Amino acid sequence: MNKAELVSALTEKTGLAKKDNEKVLNSLIETIIEQLQNGEKISLVGFGTFEVRDRAERVGRNPKTMEELIIPASKAPTFKAGKALKDAVNNK
């Protein structure tokens, strides 16, 4: 399912206009991104948790030349599914 299909599914479930659902979805995504950029953790009970984890600098290898290279430290957004979401997926 892509974003357009998700907006269509929301329109069917909520009965709101497609434009309104698209605005809500875009606002939700923007808000999650902004909060993660600020180092905040977002917990949606029953759904899951979004957070940013630090990745340390490490040594990697170019598989073609086998030359070692330094992979710089970075931050990675992560999502951990909540128990209710896991249970819903496994008991479909």
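Predicted model: local features only at pLDDT ≥ 70, side-chain atom pairs only at ≥ 80, totals over all residues.

Analyst: Searching the whole structure turns up 2 aromatic pairs. Let's take them in turn. A ring pair is described by how far apart the centres are and by the angle of the planes.

Phe47 pairs with Phe79: their centres are 5.4 Å apart, with 50° between the planes. Where do Phe47 and Phe79 lie? Phe47 is in the loop between strand E1 (42-44) and strand E2 (48-55), while Phe79 belongs to strand E5 (residues 74-81), so the pair ties together parts that are 32 residues apart in sequence. As for how much they show, Phe47 is partly exposed, at 38% relative accessibility, and Phe79 is partly exposed too, at 37%.

Phe79 also pairs with Phe50, again tilted: 4.8 Å centre to centre and 50° between the planes. This pair links distant parts of the chain as well, with Phe50 in strand E2 and Phe79 in strand E5, 29 residues apart. Is Phe50 buried or exposed? Phe50 has a relative accessible area of 19%, and the cut-off for buried is under 20%, so Phe50 counts as buried.

Technical notes. Residues numbered from 1 in each chain as written. Heavy atoms only, no water. Phe/Tyr/Trp six-rings, centres within 6.5 Å; stacked < 30°, edge-to-face > 60°. Helix = DSSP H or I, 4+ residues; strand = E, 2+ residues; numbered from the N terminus. Buried < 20%, exposed > 50% of the residue type's maximum accessible area, 1.4 Å probe, protein only.
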